[in-house]
Amino acid sequence: MKGKSKNQSFFSFKRATVVALTALLMVTLNKSFADNSVGSGTLPEGIWIAKKINERDEGISVYRTLKMQMIDHNGKIRERLTNGYRKYFGKEKRTVLFYKSPRNVKGTGFLTIDYPEAEKEDDQWIYLPAMRKVRRISAAARGDYFMGTDFTYDEIKNETKVDISDYTRVTLREEILDGNPAVDCYVVESTPVSNEVAKEIGFSKMLSWVDKDIWMIRKSIYWDLNGNLLKTIRMDDIRKIQGIWTTHKMRVENHKSNHKTVFTFDNVDYGVVVDNSVFNKNTLKRGL
Amino acid sequence: MSNYWHSILEKIFLTVTAFPRLMILIGIAVIIATGSFIPGITKDTSAESFLSPDEPTLIYRNKIKEQFGLKDPMVIAVFRESATGVFNPDTLQLVSWLTDEVAAMPGIDPETITSLATEDNIVASDDGMLIESFFDHHPLSLDEVDSIRENVMDLPLYVGNLVAKDASATLIIAEVIDEKNADDIYEGLMRLVDRAPINAGETIHVAGPGAVSGYLSSYIDKDAMVLFPVTGVLVTLVIFLAYLSWRFVMLSTLILLGTVAVALGTMVGMGVPFYVISNALPVALVAIAVADSIHIMGQYYQEQEKNPAATQQRLVVDTMLNMWRPVTFTSLTTIAGFLGIYFSSLMPPMEAIGLYCAIGVAAALFYSLFVFPAGLMILQPRRKRASTKLSENNSAGSDWMSRRLASLGIFVARKSALILGVAASFTVLAVGAALFLKVDEAWISNFKEKEPIYIADTAINAKMDGTYYLDIVVEAPEIDGLLEPSALENIALLQEFLESSANIQGSTSIVDYIKQMNKSINGGDESAYVIPNNSDLIAQYFLLYSASGSPTEFNDKVDYDYRVAVVRANLNTGYYSDNKEVVEKIKRYITTEFESNSELKATMSGQVTVNNEWISELAASHFQGLALALFAIWVIASVSFRSTVAGLYTVLPVGLSVLLVYAVMAMSGIWLGVGTSMFAAIAVGVGVDFGIHIVDRLKILLQDQQLSFEQAFLKLFSHTGRALFFNFVALFLGFGALMVSEVPPLNRFGILVAVAVLTSFVAAMLIIPAMAKVFRPKFLSAEEKPKKLVATDA
């Protein structure tokens, strides 16, 4: 997973939820022997690193604003400002997002409910202010792109976590990743466990640079199903907010289409008290 | 020629013949030096290669392609003959199989594949809109297939584009990552089709603009493998038969190698690629380059017979002093013909043929004047048979061919008026027929009808909306201008107009998506298949669509600012003649209806528009090239003979030959197109050689030697006529060899030049002497003989 943006995970779907749940279960079950997962060499095993990533706290609820910048291959920029909440209701996750600008989409709202039950379809609603109506829309597939960005729903759903059972992981090396500041990382190669999984998520291989100190992925490179270089995601401006490490800038570049997306988060608040009625389709009209 | 020039030339030829081995070494060194560039040859078989990179319509189209990320796709079509067409469990499974296999092919961008297996259904639900796959499992039940058919055929966006209107065919469309690999990918797709699990009644075709250039690349290689040996054998046969001398064959081969090496080596050295029609270049050069040596050799044997006791050097020098002028001037006129193509053509492949053939002919001239005589010094060929010796009494060569030609000469002398009358009648008829000459072109005509790509193109265009695109780029004055309902209504009206035009089977723009989304969000109500009257709602629809769409989803239809959009019309024919009226009609609509009713600006682009533009200029550039070539050779002939009337006599036969070829084209349905438009300038440049040799010899016979017409014609036909005949046969067979090419434009080009060469040979042999006798022009009369000229006795 690469999406660290907590407020991003507004959308998901059934299979993804199953995977997330499995991951969570495995993390819980395996916690007791996580400490002896260090491999025979000097490098820890990939699975151990994945578990360390998933142990990170990401809060029960969060509020934040998000500036989305989509840049096409001609360099033209489409910019949208949003704000929204995410909250766990036990194992059920609800997310709501409202567009603030540009003017012609202002007030458009999205509500997503990810049910923990595998058999239950996720719900997704949209409020179109120009119609003054709330409409139900179909849940997206894992590999679908999220809201015209270069992130997939899978990446957005996982936030700063990773899927445990979908990949085989190998730790390749340790490396100092350039940046401000430069960080000491493990480089982990992840390969989907089957062709079916690869087709669902839309790539055949991923290299991740995992920060050894805070167990967050700093950079990921993807290859498509034919082995062509697909995209690179970078996480920057990582700061502690209310005790939780939080990414404030995510950049992704698609190497085939030359399309880019930049997410900038602000006003992150994990202590916010959210009225549960915010996550109701009938209140989407009201906005925030 | 003044004595001064005569002595200079004599000194030159004496030097050349004094150091024959050095001259031969120089000749071989030039071949090695220039030939060493040839292995670095590159190819460009793209359709765009026919357009000058400076062509404004091409520049605009490339800009639009770049801006909207438009690529030339590979298209795989699945046909199924049955009542339900492709909508049956087996065929849909085949579509899924092909889609997966194509996606896994190296070089294909798996994310850009469009097929029934990848596309989504936009449907209304009770309280909203669902976007979901048409099918995601196999095998499908008959009920499921029925419902898929209903869903697909209810979406105007897909009908005609993805599935045939009668459901008999469906497409799998894929983009290649790097278009340079198109040939490998096309081959890969063809292998995939071979191993596809096809059911009874199903056929698969591969086509699409992306497939074509890849296909052509290997196509011209295979073509060259047949074409070059056939030409080589034919021309060698002719040069052997001309004098039955292997020594002559060796010397001629050296000239041919020099000509081709210099032309191709310079071309490659200048970084010019090998184009689809470039196979014509070596073939044309080989046929042309041999002519000079045939004439020089003929003269050499005459000198031998006249002065059997002369030294070898004297023989060769006298031969060259007699022949340098016709050889040089015929080469100059041929160069003028090729340069006519170079200067008038708008297309890089034709420019390349014009320029590098001209360079090749110049090389042939160099080899004929300086290397060939050196070769004669070393090899010292001798005529073997006494029977070919000239008879002093009748002045005719006494071999069979010379005797026949001599009789023809006497016939011409006696029936001059009749010959001119027949020629005049032919001319009138030819002018009448030539008026029906048609200008046309279509890339598909580059292939024979039996080729898989031709069959695929025909089948797909018969069933689908068409693989030929005409784009109209619509620009609003401000950002978000194309979210305004009024602007979108104008685009909808434009599409309505387009779809009512001939050959346009369908069109696509953002308007189709907006209407479909409006219908779906309104519960699938047919009456909601309209543009909503609210620009905010339209913006929100796009946001809604992007909920699970790729960031580049509408890239090929509208820009990020919603200010510039592409309306794409699909045509089912690529023929210029089919589409020129449509293009003109759309042009008028845009200026009179569209732009006057809105603030929008519209510009036509796309393959159909670009082709229309340059093909409409093809006729003009053809006639300009022809006029240029005719004028240049008239000037050269006039200078050569110091008489403008002599120039006219020389040019007349080729003028007639071109006219006759137009008539042949009009009557046999051959149109003036890319390949064929080159014929005229080449035919003029090459064909005029006959006229030059005849006028040159007539001047000597009538003016210098003051023979009677009958005596002069007899000598003319039996000596010059014999050399001209073999010159003609080499050209006729050389260009005729293009008939074995697999590229139809080269077949047509070859046959047209062959017909033109035949006509100009016959016309020069018959009409020039007949006119000389009937009109008795001053430039041939003994009284007009310029005092400064010295007799160059034959």
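The model is predicted: local features need pLDDT of at least 70, side-chain atom pairs count only at pLDDT 80 or more, and totals for chains, interfaces and linings use all residues. Residues are numbered from 1 along each chain as its sequence is written, while chains are lettered from A and ligands numbered from 1 in the order in which they are written.

Start with chain B. Its domain assignment, automatic or from a database, gives domain 1 (1–52 + 224–380), domain 2 (73–207), domain 3 (398–435 + 642–781) and domain 4 (467–612). The C-alpha centres of domain 3 of chain B and domain 4 of chain B are 57 Å apart.

Now the interface. Here 32 residues of chain A are in contact with 39 residues of chain B (C-beta atoms, placed from the backbone, within 7 Å). On the side of chain A that touches chain B, β5 (123–128) and β6 (133–137) of chain A each give two or more residues. These strands are DSSP runs (E, at least two residues), numbered from the N terminus; helices are H or I runs of at least four. β6(A) gives the most, with three residues.

Turn to a helix pair in chain B. Helix α8 (residues 246–269) of chain B packs on helix α9 (residues 280–306) of chain B at about 140°, with axes 9 Å apart. Axes are lines fitted to C-alpha atoms over the stretch in contact, and angles run from 0 to 180 degrees between N-to-C directions. The contact includes Phe248(B) and Leu251(B) of α8(B) and Leu281(B) and Pro282(B) of α9(B).

How values were computed:
Two residues are in contact if their C-beta atoms, placed from the backbone, lie within 7 Å.
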